[in-house]
Each structure stands twice: as structure tokens, then as C-alpha cells.
Amino acid sequence: MLSFSFYPQTGEPIILDVSEIHYEKLAHAGLGRVVQIASYEIVIEEDKYEIDAIKLNFDNRRTILNLLETERHNELEAIFKDVNDVKEIFQFQENIEKMEYVKLLTDLCEKIKDNSYIFFSYE
């Protein structure tokens, strides 16, 4: 399982597990191209770790949020295009998968907006 990690100034990181399909969708959307990953040394419970991450400054947050919001909008448009009524959304596995991806995008947006996280990485 792949994951997205959010590192606060102090304390344990928050890790969101993500399916390979959703990870690949974000890669194709350009997540790896819109911001620069660098190596950082962080301290978690007095232990030092080196991570490859994105520093969540104002510009990087805005860039990532723009990508996530655009991707979420595109996914919702695709769902609504395929669906004639609300009941059908949950009847087809493909649309369930799309809704899970939209939920992931929403969760990522919330974490990126949270100023308590200073680094973001994906593995």
C-alpha cells in the first residue's frame, strides 16, 4: 500500500494510505511536477529522521491545492456525466471507485490547508 504523509512541527506524522490506482491518478495529474521534493531532517519523539518531502510553504500549499481542486472537479464531472440519477452512483463499482478518489482528494485538501503540517511526502 502506498501512502501520503503529513509532518507537523512536533508530534507524530499523519499517514493516509492510498491505493495504487489513486496514487497513479495523482501522478498523472502532475503532483510530482508541480512542486519540488527535497531531503529534510525532522525530529519525531527526539529521534532524527531524513525524509524526502515537500515543504508546505504558502506557494507550495496553493500549488498543490490548485491541482487537487482541479482533479476533484474533473472527477466529479466524470461521475455526473455517467450518472442519470443519484441511485446509480452507488450501483456501479466504477463510480464507487471514483467517489473513493474524490474522498481522498478532499482529505488531502484538508491536510494541505492545515498550517500545523510543515512537510508533505508520498511514497
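Mentor: The model is a predicted one, in which local features need pLDDT of at least 70 and side-chain atom pairs count only at pLDDT 80 or more, while totals for chains, interfaces and linings use all residues. Residues are numbered from 1 along each chain as its sequence is written, and side-chain values use heavy atoms, with hydrogens and water left out. The names of helices (H or I, at least four residues) and strands (E, at least two) follow DSSP runs numbered from the N terminus.

Two packed helices are described by the angle between their axes and the distance between the axes. Here the axes of H1 (residues 20-29) and H5 (residues 93-113) come within 11 Å and cross at roughly 65°; axes are lines fitted to C-alpha atoms, for helices over the stretch in contact, and angles run from 0 to 180 degrees between N-to-C directions. On the H1 side, Ile 21, His 22, Lys 25 and Leu 26 make the contact (heavy atoms within 4.5 Å), and on the H5 side they meet Glu 97, Glu 100, Tyr 101, Leu 104, Leu 105 and Leu 108. The residues of this contact divide into six nonpolar, one polar and three charged, where Ala, Val, Leu, Ile, Met, Phe, Trp, Tyr, Cys and Pro count as nonpolar, Asp, Glu, Lys and Arg as charged, and the others, Gly among them, as polar.

Next comes the sheet, an open one of five strands in the order S2-S1-S5-S4-S3, with antiparallel pairing; two strands pair if DSSP finds at least two bridges between them. Strand S2 (14-18) and strand S3 (38-44) stand at the edges and have a single partner strand each, so one side of each is left without a neighbour in the sheet. From one strand to the next, the twist averages 40°. Strand S1 (residues 2-8) and S2 run antiparallel and are joined by five bridges, and the bridge partner of Phe 4 in S2 is Leu 16. H1 packs on this sheet, touching S1, S2 and strand S5 (117-122), and its direction makes about 70° with that of S1.

Rings of Phe, Tyr and Trp (its six-membered ring) pair if their centres lie within 6.5 Å; planes under 30 degrees apart count as stacked, over 60 as edge-to-face and the rest as tilted. There are eight aromatic pairs by this rule. The ring centres of Phe 120 and Tyr 122 lie 5.9 Å apart with their planes at 45°, so this pair is tilted. Both Phe 120 and Tyr 122 are buried, where buried means under 20% relative accessible area, exposed over 50% and partly exposed in between (1.4 Å probe, protein chains only). Ring pairs link Phe 4, Phe 6, Tyr 23, Tyr 117, Phe 120 and Tyr 122 into a cluster.
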